[in-house]
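Reader: I'd like to learn how to read a model like this one, feature by feature. Could you take me through it?

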Amino acid sequence: MSFDKTVATAAEAVADVGDGATLAVGGFGLCGNPMGLIEALVERGVTGLKVASNNCGVDDWGLGLLLANGQIDKMTSSYVGENKEFARRYLSGELELELTPQGTLAERLRAGGSGIAAFFTQTGVGTQVADGGLPQVYAADGSVAVASKPKQVQQFEVDGVLRDFVLEEAIRTDFALVHAAVGDRHGNLIFNKSARNFSPLAAMAGRVCIAQVERLVEPGELDPDRIHLPGVFVHRVVEVGPDIEKRVERRTVQEA
């Protein structure tokens with residue numbers, strides 16, 4: 001049996017991502033975005049996508065490309081700034097948004113990949129995250145068409161004190177898209193510093209994980225202690241090379 005998970009092109013890697021698919025996508029801002037795979041989905045023209053990712057890129061980069069092309073129907077995110085088209089579509093009722101605290105989003109993805117259906121957390125207790133009422137879909141007239149529903153709250157004793165915890169469900173998606181610095185043919189991945197961000201968690205949440213890598217190596221070349229995500233979570237690997245464009249979301253410099 002061959003364990004070679006490589007495919008020749010990004011287009012081939014996403015060829016079975018169809019209309020209405022759910023995606024978990026790595027990246028934080030514009031750091032660690034799987035741009036080759038995103039651009040391949042833009043070319044495919046699939047619609048009705050439901051995406052779980054920390055944010056939705058900017059107007060002309062990252063997931064913002066899919067959004068601007070009208071291919072995303074729903075985002076599950078913790079941060080939605082830096083994208084004017086996102087705000088326009090959300091406030092006009094063209095886009096559904098499930099706002100989720102950042103740490104909760106990370107744990108929901110990890111839980112989905114670990115076979116955990118749900119978990120209790122203190123984050124969000126006493127807010128609309130737990131109590132419901134967060135606008136998820138707006139009507140054309142600006143009123144709230146769909147609001148988040150209340151979640152189960154339960155008390156647990158922690159350090160001898162009863163505290164409220166809210167139940168959060170895991171995220172499990174049809175596909176996951178991630179970018180890694182190095183990968184081998186078996187799907188073992190190494191990420192570059194902060195570009196790791198949500199990517200291992202997103203990869204775990206996808207039933208089919210597709211990884212684009214800057215450098216492809218042979219099995220056995222990677223030090224096992226340096227691997228950030230084992231190949232058991234990865235199903236397809238496509239090499240995109242080291243010269244891909246990497247944009248800076250907000251450049252700040254200090255005067256000399």
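Author: Gladly, and let's begin with one term: a contact means heavy atoms within 4.5 Å. Leaving aside neighbours within four places in sequence, Asn54 is in contact with Gly27, Phe28, Gly29, Ser77, Ser78, Tyr79, Gln102, Leu105 and Phe198. Before we go on, this is a predicted model, where local features need pLDDT of at least 70 and side-chain atom pairs count only at pLDDT 80 or more, while totals for chains, interfaces and linings use all residues. Residues are numbered from 1 along each chain as its sequence is written, and side-chain values use heavy atoms, with hydrogens and water left out.

Reader: Where does Asn54 sit in the chain, and is Asn54 buried or exposed?

Author: For the first part, helices (H or I, at least four residues) and strands (E, at least two) are DSSP runs, numbered from the N terminus. Asn54 is in the loop between strand E2 (49–52) and H3. For the second part, buried means under 20% relative accessible area, exposed over 50%, and partly exposed in between, with a 1.4 Å probe and protein chains only. Asn54 counts as buried because its relative accessibility is 2%.

Reader: Which polar contacts does the side chain of Asn54 make?

Author: A polar contact is a pair of N or O atoms within 3.5 Å; within protein, one must be able to donate a hydrogen and the other to accept it, and residues adjacent in sequence count only if both atoms are side-chain atoms. The side chains of Asn54 and Ser78 are joined by such a contact of 2.5 Å. Another, of 3.1 Å, links the side chain of Asn54 to the side chain of Asn55.

Reader: How do I read the chain as a whole?

Author: Start with the secondary structure: the protein chain has seven helices and 13 strands. Its radius of gyration is 19 Å, close to the 18 Å that the globule rule gives for 256 residues, so the chain is as compact as a globular protein of that length. Here the radius is taken over C-alpha atoms, and the rule is 2.2 Å times the number of residues to the power 0.38. Of the 256 residues, 46% count as buried. Among contacts with a separation of 6 or more, residues 24 or more positions apart account for 71%.

Reader: How do I read a helix, and which residues of H2 are buried?

Author: An α-helix has 3.6 residues a turn, so residues three or four places apart point the same way. In H2 (residues 35–44), the buried residues are Met35, Leu37, Ile38, Ala40 and Leu41. The buried residues of H2 pack against helix H1 (10–13), strand E1 (22–25), helix H3 (64–68), strand E10 (173–184), E12 and strand E13 (236–239). Just after H2, Gly45 takes a positive phi of about 75 degrees.

Reader: Which residues have a positive phi although they are not glycines?

Author: Glu82 is one of them, with a phi of about 70 degrees. Glu82 lies in the loop between strand E3 (72–77) and helix H4 (84–91), and is partly exposed at 32% relative accessible area. Asp159 is another, with a positive phi of about 55 degrees. Asp159 lies in the loop between E8 and strand E9 (161–169), and counts as exposed because its relative accessibility is 75%.

Reader: What can polar side chains in strands show me?

Author: Compare a few cases. Gln212, in strand E12 (residues 206–217), is buried with a relative accessible area of 1%. A polar atom of the Gln212 side chain lies 3.5 Å from the backbone nitrogen of Met35. Beyond its neighbours within four places in sequence, Gln212 has contacts that include Leu37, Val178, Val240 and Ile244.

Thr173, in strand E10, is buried too, at 3%. A polar atom of the Thr173 side chain lies 3.5 Å from the backbone nitrogen of Ala24.

Reader: How exposed is Gln155, and which residue does the side chain of Gln155 meet in a polar contact?

Author: Gln155 belongs to strand E8 (residues 153–158) and is partly exposed, with a relative accessible area of 45%. The side chain of Gln155 makes a polar contact with the side chain of Asp164 at 3.3 Å. Not counting residues up to four places away in sequence, Gln155 touches Leu162, Arg163 and Asp164.
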